[in-house]
Amino acid sequence: MRGVVLIALVGALAATAACGNRKKTDVLFDGQRFRAKAAPVDKSRTLADFVVTVNGVSASLDGAREAGRYQGTRYCIEKYGSSKIAWALGPDADPAQLRIENDRLSFRGTCQRP
């Protein structure tokens, strides 16, 4: 009987450890984790104009759009201290206008000063 309890306890600990693989800072969108990155279009000219790329859009278009919005907002807050963005092509665009290539979604925007 003790052996069964010990095996169950070890199994529960292993399952808990597997759940801990996700970082506490990971943000899920539509239940998915997306790799998203924001970067300046031309760093030597200005940091205000940026592009966001979101990988794995096939998992959830709505989730990928929100992950892109989140990453753009983070970028502008870090670079300009404001969450205001003028999107040239952003997360609220009509789905037919979105740029999706190789399971990657791209947005363009400009950070606005506060």
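The lining of the largest pocket comprises six nonpolar, two polar and four charged residues, where Ala, Val, Leu, Ile, Met, Phe, Trp, Tyr, Cys and Pro count as nonpolar, Asp, Glu, Lys and Arg as charged, and the others, Gly among them, as polar. The model is predicted, with local features requiring pLDDT of at least 70 and side-chain atom pairs counted only at pLDDT 80 or more, whereas totals for chains, interfaces and linings use all residues. Residues are numbered from 1 along each chain as its sequence is written, and side-chain values use heavy atoms, with hydrogens and water left out.

The volume of this largest pocket is about 270 Å³. A pocket here is an open set of points on a 1 Å grid over the protein atoms alone, where a 1.4 Å probe fits and protein lies on both sides within 12 Å along at least five of seven lines, and lining residues have an atom within 4 Å of a point; the volume is the space filled by probe spheres set on the points, which are joined across faces, edges and corners. Twelve residues line the largest pocket, and the closest to its centre are Asp26, Phe34, Arg35, Ala36 and Gln71. While β1 and α2 each supply at least two residues of this lining, α2 gives the most, with four residues.

These elements belong to a chain with two helices and five strands, arranged along the sequence in the pattern α-β-β-α-β-β-β; helices (H or I, at least four residues) and strands (E, at least two) are DSSP runs, numbered from the N terminus. Strand β1 (residues 35-42) pairs with β2 in the antiparallel sense over seven bridges, two strands being paired if DSSP finds at least two bridges between them. A hairpin of three residues joins β1 to β2, and aspartate 42 has threonine 46 in β2 as its bridge partner. Strand β2 also runs antiparallel to β5, to which seven bridges join it, with valine 51 standing opposite arginine 108 in β5.

Buried residues (under 20% relative accessible area, against over 50% for exposed and in between for partly exposed, with a 1.4 Å probe and protein chains only) make up 27% of the 114 residues in the chain.

The structure holds four aromatic pairs, a pair being two rings of Phe, Tyr or Trp (its six-membered ring) with centres within 6.5 Å, stacked if the planes are under 30 degrees apart, edge-to-face if over 60 and tilted otherwise. Phenylalanine 50 and tyrosine 75 form a tilted pair, at 5.1 Å centre to centre and 35° between the planes, which links strand β2 to helix α2 across 25 residues. Phenylalanine 50 is buried, with a relative accessible area of 0%, and tyrosine 75 is buried at 5%. The rings of phenylalanine 50 and tryptophan 87 have their centres 5.7 Å apart and their planes at 70°, so this pair is edge-to-face; it links strand β2 to strand β3, with the two residues 37 residues apart. Tryptophan 87 is partly exposed, with a relative accessible area of 25%. Phe50, Tyr75, Trp87 and Phe107 together form one aromatic cluster.
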